[in-house]
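Hello,

Here is the structure I promised to pass on to you. Please have a look at it first, and then read my notes below.

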Amino acid sequence: MKILIAPDSFKESMSAVEAANAIESGILKVLPSAQCIKMPMADGGEGTTEALVLATGGKLYRTQVLDPLGNEIDAQYGILGNNQTAIIEMASASGLGLIPLDQRNPLLTSTYGTGQLIQAALSHNITHLIIGIGGSATNDGGAGMFQALGGTLLDKYGKSLSYGGGALGDLDKIDTSGLDPRLNKVKIEVACDVTNPLTGEFGASHVFGPQKGATKEMVPLLDQNLKHFANCLLNQLGIDIENVAGAGAAGGLGAGLMAFLGASLVRGVDLVIQYNALEEAIKSTDLIITGEGSIDGQSSFGKTLDGIGALAKKHKIPAIALVGRIGKDAEIMHRRGITAIFSILSEPCDIEVALQNGQTNLERASENLIRLLEGFHYEK
């Protein structure tokens, strides 16, 4: 039996690589002779760098950057096997997971570290840069990223703008003349699964601000500041970005990357599928086992399971998802190509316990799944 193992990461529990290994262990307990093909997946968020570097035989690097609150941390980026393409995750430098719950405040958090990661990647003489922008802690429109790359943002007094979404309301002048000239030679693609505009009811601040620590009072201020930022881009640079699909991704980093760096937004899962040749592997497989921490109706909007489901449906291969949480409207994913969905939890427990026992639970669920499938082959 040939089984393709293609999970995403289970956030705060295990990486996609660890998840793939756990699924394989469960399979081999029942079918030691099974041919397991492991392809760790991602959709632009956590694990995208590792997935693409692994798929192409590239190399991981580490560098010092500033986290969302300005503290120095160690962050990761990768150079793919062709030595021409770099991959970074903004979450590695500017992610929500880097900040303790009681310190999350999008008025203060900045994408400056993401700009530093881009600079580090440029030092490898690349011609192509892929940026995954899932999991952000920020709402600054990419202003910090722009400043780290040599751009200048000034208030009405001619002083450099301070960092964070709260400072955008003071923006008076944008100067792009100091941007790193190496950016002109690089094609930039942004791995993104969000289509929200920059501002308004469905914009970055209203939809994503609260999960980043924004209070009810902060949300309208953050939205107002992003609108002011968009007006400055339009009036000074002639770039109308406010209502472009994806501009609101990562607290407006999508807008900043498109406006300042000429980046294009693409579905993250499609990029990973392209680089790891997933479709070719699916054609010759008997079964696909995928999974991630949570599945719900939103999973159909460009998430990893949606990309895998589409290929499974196209090639008529059964695809089974093992997940931590089955949320509202998850049944939509059956129409998207996911044959069946199973929770890996073995007993009621707190989220902390579930995260801690993720690999054990996933291995057990994988083993039981294969035992079930094997049961249909027993002779009566």
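Which residues of α11 are buried? They are T304, L305, D306, G307, I308, G309, L311 and A312. Here, buried means under 20% relative accessible area, exposed means over 50%, and partly exposed is in between, with a 1.4 Å probe and protein chains only. Helices (H or I, at least four residues) and strands (E, at least two) are DSSP runs, numbered from the N terminus.

Before going on, please note that this is a predicted model, where local features need pLDDT of at least 70 and side-chain atom pairs count only at pLDDT 80 or more, while totals for chains, interfaces and linings use all residues. Residues are numbered from 1 along each chain as its sequence is written, and side-chain values use heavy atoms, with hydrogens and water left out.

Back to the helix. Eight of the 11 residues of α11 (residues 304-314) are buried, so this helix is largely enclosed by the rest of the structure. Its buried residues are covered by elements including α9 (268-276), α10 (278-283), β11 (287-295), β12 (319-326) and α12 (332-335); contact means heavy atoms within 4.5 Å. After α11 comes K316, which has a positive phi, near 55°.

Next, the sheet. It is an open one of six strands in the order β3-β4-β5-β6-β9-β10, and the pairing is mixed. Two strands pair if DSSP finds at least two bridges between them. At the edges stand β3 (59-66) and β10 (264-266), each with a single partner strand, so one side of each has no neighbour in the sheet. From one strand to the next, the twist averages 30°. Axes are lines fitted to C-alpha atoms, for helices over the stretch in contact, and angles run from 0 to 180 degrees between N-to-C directions. Strand β9 (residues 187-191) runs parallel to β10 and is joined to it by three bridges, and V190 is opposite L265 in β10. Helix α4 (residues 112-122) lies across β3, β4 (72-79), β5 (85-89) and β6, at about 140° to β3.

Where is A137? This residue sits in the loop between β6 (128-132) and α5 (143-148), and A137 is buried, with a relative accessible area of 1%. Leaving aside neighbours within four places in sequence, its contacts include P68, S94, L96 and K212.

Last, the cysteines. The structure has zero disulfides (pairs of cysteine sulfur atoms within 2.5 Å). C192 is buried at 8% relative accessible area, whereas C349 is partly exposed at 35%.

Happy exploring!
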